[in-house]
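These entries record what I looked up in the structure shown below.

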Amino acid sequence: MKIIKFIKKPWMIITLSIIGLILIPIIISQVNKKPLYETYIVKRGNIIQEVDETGKVEPAESTNLAFEKGGKVAKIYVKLGDNVSVGQNLARLENSDLYAQVLQAEANLKVQQAKLLEELQIAETGSSETIKNLTNTIQDSYSKAIDAVKNKIDQMFIKTETVYQASLNSNFYNVGDFSLRADVESKRLAIEISLRQWKTSLDSLASNKNLDAFISETKTNLNLIRDLTNRMNDYFNTIDLSSSVAQNYLTTYRSYVSSANTSVNTALSTLLAAEQSYKTAQDQLTFKKSDANNEQINAQKAQVESAQASLLLAQAQLSKSIIKSPIDGMVAKINASAGEIINANELAISIISKSKFEIETNIPEADIAKVKIGDKAKITLDAYGNDVVFEANISEIDFDSTIIEGVPTYKTILVFKNDDEKIVSGMTANITISTAEKQNVLVMPYSAVISKNSEKFALIENKDKKQEEKEIKVGLRGSDGNIEVISGLNEGDKIITSVNK
């Protein structure tokens, strides 16, 4: 009954309705109310800095070709789209008269060279004899060196399967000066290596006209053996004469060393004599070839030089009637045909490189400091969409700026890492250049960095749930909106990224 009476009072109903209208939105807003600010937990991640640009695919090489002299086109050797290689004939003018002049000049040069060769033949013969004698002497020196080492000196060394062991035999254990003994063994090992190299070198002696290197090598090796014999004698002099090795073997060993030394000295003397004869003959030959007083030879030399000049002139005139490809590529344009008259320096054929395409782009000043030659890039071409990715590298940066729409830009060239038949000149390229990368570093949103003068800060929520500004040092800024934190924050710190209004 009381409830019915209450309902029958209209003013009470109106009052309750008004209160409801006021309280319900407040309650709903409290339920859906967002936090006063948004946060981000500092964590480790990778930072990649990239620069995005667009460009155009161009041939890495292209050239427009023309005849150096005018005339009638005799033949076009290629068709539009043909592949060509460096030096390949592309077109020629009528040039039978020029070709005949080249043949005549070549024949005249051969005649004059033959006459000069005849004049020099006597001097050459004398030189050949001394070369032969020196070559035999070098070979004989090697044989004497092998005999001195293997048949004489090695009588005192341990015989082993490997030549890289050089130890005096057991008779010398614990006798004489230790350091001299070690020096003797070291020199014997060095000689073994030198003898092996010497043998390999001598394989080309017969076919080599420059004997100076062989002479030097022979002297060096003979002196190494002679030095070894001297050191062995020094070592023998330190052996106690009352020792068993001195009483039983030393005299014999000294005779081996003396014989080896004599053999090496003989080889050196013979070599020096042969070398002197060789150099004298070479000097005489040089004098014969260059003697200003020898009028006959000099006159013939002049004839040879004149014939060479005539040949070069004839070849130069002939080359002006022929177009050759200066690059490997593809024929892009033909502007001449057989039978027509063409003027000098008039465009005849254009060649573009078929492979090794490059991309030309202009990077604005805001990004140019980020890139450098060698940086890697991912390329997509509009013709194939984003699923087909090509690799490229920056090969050239022109730091002479060009103003485009009021912004200084810098011409940059990228070359494709691999040739691909899908790449065609003129295509639009979308370029993503990877300019820097760091892995496993602390990262935070760049938008949360607070700049004050030259310092950087981050607003963090501390353990007491209060806001606190901390000075930070930042590094690489990534293309994903994050930035590297070098110092000032720890992994797990909660930073405030934005405040809700």
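Which residues of H5 are buried? I list Phe214, Ile215, Thr218, Asn221, Leu222, Ile225, Leu228, Thr229, Met232, Tyr235 and Phe236. Buried means under 20% relative accessible area, exposed over 50% and partly exposed in between (1.4 Å probe, protein chains only).

The model is predicted: local features need pLDDT of at least 70, side-chain atom pairs count only at pLDDT 80 or more, and totals for chains, interfaces and linings use all residues. Residues are numbered from 1 along each chain as its sequence is written, and side-chain values use heavy atoms, without hydrogens and water.

I next checked the length of H5. Helices (H or I, at least four residues) and strands (E, at least two) are DSSP runs, numbered from the N terminus. The expected span is 1.5 Å times one less than the number of residues. For the 25 residues of H5 (residues 212-236) this gives 36 Å, and the end C-alpha atoms are 36 Å apart, in agreement.

I then searched the whole structure for aromatic pairs and noted 8. Rings of Phe, Tyr and Trp (its six-membered ring) pair if their centres lie within 6.5 Å; planes under 30 degrees apart count as stacked, over 60 as edge-to-face and the rest as tilted. Tyr249 and Tyr253 are stacked, at 5.8 Å centre to centre and 15 degrees between the planes. Tyr249 is partly exposed because its relative accessibility is 35%, whereas Tyr253, at 5%, is buried. Phe390 and Phe416 are edge-to-face because their planes stand at 85 degrees, with centres 6.0 Å apart.
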